[in-house]
Amino acid sequence: MKSLNNPFVIGKYVSKDYFCDREKESQMLVHHIENGRNVTIMSERRLGKTGLIEHVFANHLPATYETFLIDIYTCKNLREMVYLLASEVFKKIARKQSFIERLLRAVRSLKTTISYDAVTGLPEIGFGLGEIQQPEITLDEILNYLESSDSPCIVAIDEFQKIASFEEKDVEALLRTKIQHLKKTQFVFAGSEHHFLEDIFNDPARPFYNSVVFMQLLPIEKDKYIDFCQRLFQKYRKSVSVELVSSLYDCFQGITWYLQLSMNEAFAMVERGECVGEEAFGQILNHLVDSKRFTFEDRYASLPEKQKTVLQAIASEFPYQVTPTSRDFMEKYKLKTASSVQTALKGLVEKGIISDSHGIKRPTDLLFVLWLKNF
């Protein structure tokens with residue numbers, strides 16, 4: 001593979017050469033898949049769930065497996081989810097021209113068009129969201145096709161907790177009913193909102209109860225991330241100090257997306273033969289925060305005053321975990337009543353600014369936190 005201009009890739013998977021560690025997690029995911037288990041992967045946001053899945057799909061499964069990955073974070077209903085799944089299946093199968101006819105015969109509820117890429121000559125199957133008139137039927141057809149495949153199939157659904165907020169009220173029961181009868185098709189569910197996922201899979205009253213094994217994704221170990229950074233810098237005849245990587249790791253609590261963003265910036269600061277040291281720490285943070293300053297200003301300005309006050313208090317305590325309705329916390333930040341704090345927190349959680357995991361409230365955007373600390 002041709003080397004990238006900057007090896008610290010942000011928000012996408014390129015290849016194993018630019019992927020850090022996750023050896024144990026990769027082995028565990030493969031172990032579950034090979035033993036026929038459906039899996040749920042949970043972690044904090046931006047910790048690398050999607051990258052882990054793509055890495056395993058690309059490097060650790062036999063070529064006999066067919067793999068599909070969709071992200072339903074923006075989906076509001078079953079129809080939109082089925083559209084994403086159909087699009088992914090058609091895109092992957094279109095690369096194997098001998099299977100196209102079979103797929104089109106299997107999925108009869110969609111009106112599709114076939115065109116050919118001018119460069120590769122490969123077929124492209126097209127359809128719009130409007131073609132999903134009966135999502136349950138289309139979902140049945142797709143799953144039946146996967147079950148009839150000559151290869152075992154793995155479907156990964158990222159941000160799976162979103163199904164709990166779909167417009168339809170019976171999506172969990174519908175999906176569970178369809179999935180439990182599949183023999184050749186397995187599922188990997190991933191998500192970052194722990195309490196929603198745990199409710200879906202651990203509540204005895206809900207359809208997916210006890211239907212998966214759980215994997216908890218934690219931050220990559222600091223030493224391994226430092227080694228990864230130094231290896232990539234050396235590959236490009238540059239160097240980075242252990243102290244800088246360690247400081248950035250601590251600042252962002254080992255959350256992969258922020259580390260990659262920081263190291264991408266650090267890498268761009270020096271030429272070949274040069275070293276970027278700990279003195280660059282403040283400059284890197286300032287640049288990252290400044291690049292989103294207008295976004296943060298607008299976000300903050302749009303909040304009601306009570307939400308601003310509670311958010312500022314939580315940000316002031318970061319990275320320490322807090323219980324905003326505790327007496328000590330309320331007295332320290334002059335918050336009036338527990339009920340008003342709860343109301344403000346509810347609004348911040350609904351806006352996605354604060355996450356709630358078992359009562360622990362944490363900001364979801366660490367760069368926003370850094371901006372708030374200096375506001």
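This is a predicted model: local features need pLDDT of at least 70, side-chain atom pairs count only at pLDDT 80 or more; totals for chains, interfaces and linings use all residues.
Local features need pLDDT of at least 70 and side-chain atom pairs count only at pLDDT 80 or more, while totals for chains, interfaces and linings use all residues. Residues are numbered from 1 along each chain as its sequence is written, and side-chain values use heavy atoms, without hydrogens and water.

Q: Why is the set that includes Phe8, Tyr225 and Leu367 called a nonpolar core?
A: A nonpolar core is a set of buried Ala, Val, Leu, Ile, Met, Phe, Trp, Tyr and Cys residues joined through side-chain atoms within 4.5 Å, where buried means under 20% relative accessible area with a 1.4 Å probe and protein chains only. The largest such set has 59 residues, and helix H16 (residues 366-373; a DSSP run of H or I, at least four residues) gives the most to this core, with 7 residues.

Q: What makes Met263 a contact of phenylalanine 233?
A: Contact means heavy atoms within 4.5 Å. Leaving aside neighbours within four places in sequence, phenylalanine 233 meets this criterion with Met263, and also with Phe8, Ala266 and Val276, among others.

Q: Which residues line the largest pocket closest to its centre?
A: Of the 39 lining residues, these are Gly11, Arg46, Leu47, Gly48 and Trp257. The largest share of the lining, 5 residues, comes from H2.

Methods. Buried means under 20% relative accessible area, exposed over 50%, partly exposed in between (1.4 Å probe, protein chains only). Helices (H or I, at least four residues) and strands (E, at least two) are DSSP runs, numbered from the N terminus. On a 1 Å grid over the protein atoms alone, a cavity is a set of points where a 1.4 Å probe fits but cannot get out, and a pocket is an open set with protein on both sides within 12 Å along at least five of seven lines; lining residues have an atom within 4 Å of a point.
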